Amino acid sequence: MDANADDDGTHSELEYPENRQNNVEEDYSEENTDETSISTESTFDLTLPATHSYLGHNLEELRGRTILDDGLYVNLPLLVKQSVMLFPGQTLPMTVFDAQTIDMIRTCIENDRTLGVVCLGYDKMVPIGTTAEIYECMYDPDQGFRLKAKGRQRFKILRVIIQGYDKISARVQVLPEITLGPPFLDERIASLDHIRIHPKNEEDFKKQEKVENLDAVVTPWPAWVYRQYDPLRLSLKIRQRLQFIESKGSSIPEDPSDLSFWVAQNLLLDDNERIVLLNYDCAISRLQREMKYLVEDNVFVCCNCDSYIGRQSHMFPMSKEGPQGTYCNPSGIIHETVTLYHAQGLALSDNPPSINYTWFPGYAWTVATCRNCGDHMGWRFTAVQNNLRPRAFWGLIRKSLKNKEK
């Protein structure tokens with residue numbers, strides 16, 4: 001079955017336009033675009049997209065929370081999705097139509113509301129995933145089973161159990177999240193405790209370095225080696241490099257573990273890199289690896305033809321959860337979508353902008369494709385209310401973009 005097709009075999013308009021576009025977005029060259037002339041002022045309520053109101057306002061709220069013990073062996077029903085990788089803390093909206101998946105979800109809700117979400121790679125299932133806890137749901141014979149779930153804990157697949165077409169479960173082990181304290185926790189000199197501080201900014205860390213240099217005297221390594229493994233210092237550096245996003249209203253976590261998952265979810269990374277990050281069992285390792293993606297302003301190109309589309313610095317949040325969110329269309333197809341205030345090399349559909357099933361209330365969408373190869377890239381969102389800012393922005397599908405190779 002075509003992963004992009006509706007149940008009747010046709011393609012949803014949210015996925016592909018019926019007619020290829022003739023209206024071409026104004027051509028900006030990478031070299032002569034004046035970024036300062038593009039306004040990123042926002043009057044939009046960033047909490048709205050995170051509610052996924054397009055699923056309906058009559059979803060039933062499920063109370064309580066399920067936390068599985070670290071290391072627990074358990075059988076989990078699996079939801080296997082192409083190029084959809086869930087991280088702890090991430091919201092997953094879904095609309096489900098097929099009977100077997102609906103039965104599986106109903107069984108989950110009757111038990112602990114928890115299922116496993118696993119990415120389907122090019123040729124095989126990824127052996128690591130994240131549990132998803134369903135917190136809102138509603139069934140309608142015409143609109144399918146609509147639900148919202150939240151990523152909770154990582155797990156490793158030990159054995160896959162196939163019970164029938166599209167009905168898969170697995171024996172899994174819940175993976176622990178290892179939390180390490182300050183690198184000098186066991187070697188600190190007690191006589192210096194009265195001058196220690198809990199650093200919250202760069203100035204505090206500089207003051208703390210003097211104490212760390214003295215602590216390091218009784219260790220085999222100089223203090224600068226230990227600082228590379230300080231979760232708070234790594235978090236500060238990451239947050240400093242994300243100021244271009246946080247200053248525009250996004251809520252970026254302060255906790256190192258939550259921050260490491262947030263960055264993995266919101267940066268434009270390919271599936272292989274996301275799998276590596278999901279495999280790490282400690283925030284320090286994830287933050288160290290993520291840092292390299294924030295050193296330079298990465299260039300985004302079309303995944304199919306390498307045409308220039310935009311830059312990492314063009315990302316901005318249209319949701320409180322960050323510049324990249326997970327949404328689903330009326331056919332149940334899930335799109336991981338990144339919002340940019342500027343993009344080029346794209347062409348728009350001839351069809352008029354539509355507010356039907358819009359992910360951003362107050363904005364109408366128009367299908368956008370790559371001007372060079374014609375691949376579906378995402379959508380152009382334009383405000384339908386005069387008081388909304390920005391007046392327009394792009395929502396581009398993660399799997400349609402990649403970082404330009406250096």
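Me: D306 sits in the loop between β9 (299-302) and β10 (308-311). Why is D306 called partly exposed?

Reply: The relative accessible area of D306 is 46%. Buried means under 20% relative accessible area, exposed means over 50%, and partly exposed is in between (1.4 Å probe, protein chains only). D306 is therefore partly exposed at 46%.

Me: What kind of model do these values come from?

Reply: This is a predicted model, in which local features need pLDDT of at least 70 and side-chain atom pairs count only at pLDDT 80 or more, while totals for chains, interfaces and linings use all residues. Residues are numbered from 1 along each chain as its sequence is written, and side-chain values use heavy atoms, leaving out hydrogens and water.

Me: How do you know whether H52 is buried or exposed?

Reply: Its relative accessibility is 2%, so H52 counts as buried.

Me: What makes a stretch a helix or a strand?

Reply: Both are DSSP runs, numbered from the N terminus: helices are H or I with at least four residues, and strands are E with at least two. By that rule the chain has 9 helices and 17 strands.

Me: T131 and Y135 are both in strand β6 (residues 125-140). Which label does each one get, buried or partly exposed?

Reply: T131 has 2% relative accessibility and therefore counts as buried. Y135 has 22%, so it is partly exposed.

Me: Why is K210 called exposed?

Reply: K210 is in helix α3, and its relative accessibility is 63%, so K210 counts as exposed.

Me: Why are α3 and α5 called roughly antiparallel?

Reply: Axes are lines fitted to C-alpha atoms, for helices over the stretch in contact, and angles run from 0 to 180 degrees between N-to-C directions. The axes of α3 (residues 202-215) and α5 (residues 231-241) cross at roughly 150° and come within 11 Å. Angles under 35 degrees count as roughly parallel, over 145 as roughly antiparallel, 65 to 115 as roughly perpendicular and the rest as oblique. α3 and α5 are therefore roughly antiparallel to each other. Their contact is made by E202, F205, E209 and E212 of α3 with L232, R233, L236 and Q240 of α5.

Me: What makes α5 oblique to α7?

Reply: α5 and α7 (residues 256-266) pack at about 40°, with their axes 10 Å apart. That angle makes α5 oblique to α7. The residues in contact are P231, L232, S235, I238 and R239 of α5 and P256, L259 and V263 of α7.

Me: How do you know that the buried residues of α9 lie on the same side?

Reply: In α9 (residues 283-291), the buried residues are A283, I284, R286, L287, E290 and M291. They cover an arc of only 165° around the axis, which puts them on the same side of α9. The arc is that of the directions from the helix axis to the C-beta atoms. An α-helix has 3.6 residues a turn, so residues three or four places apart point the same way.

Me: How many of the residues in the whole chain count as buried?

Reply: Of the 406 residues, 52% count as buried.

Definitions and conventions
Contact = heavy atoms within 4.5 Å.
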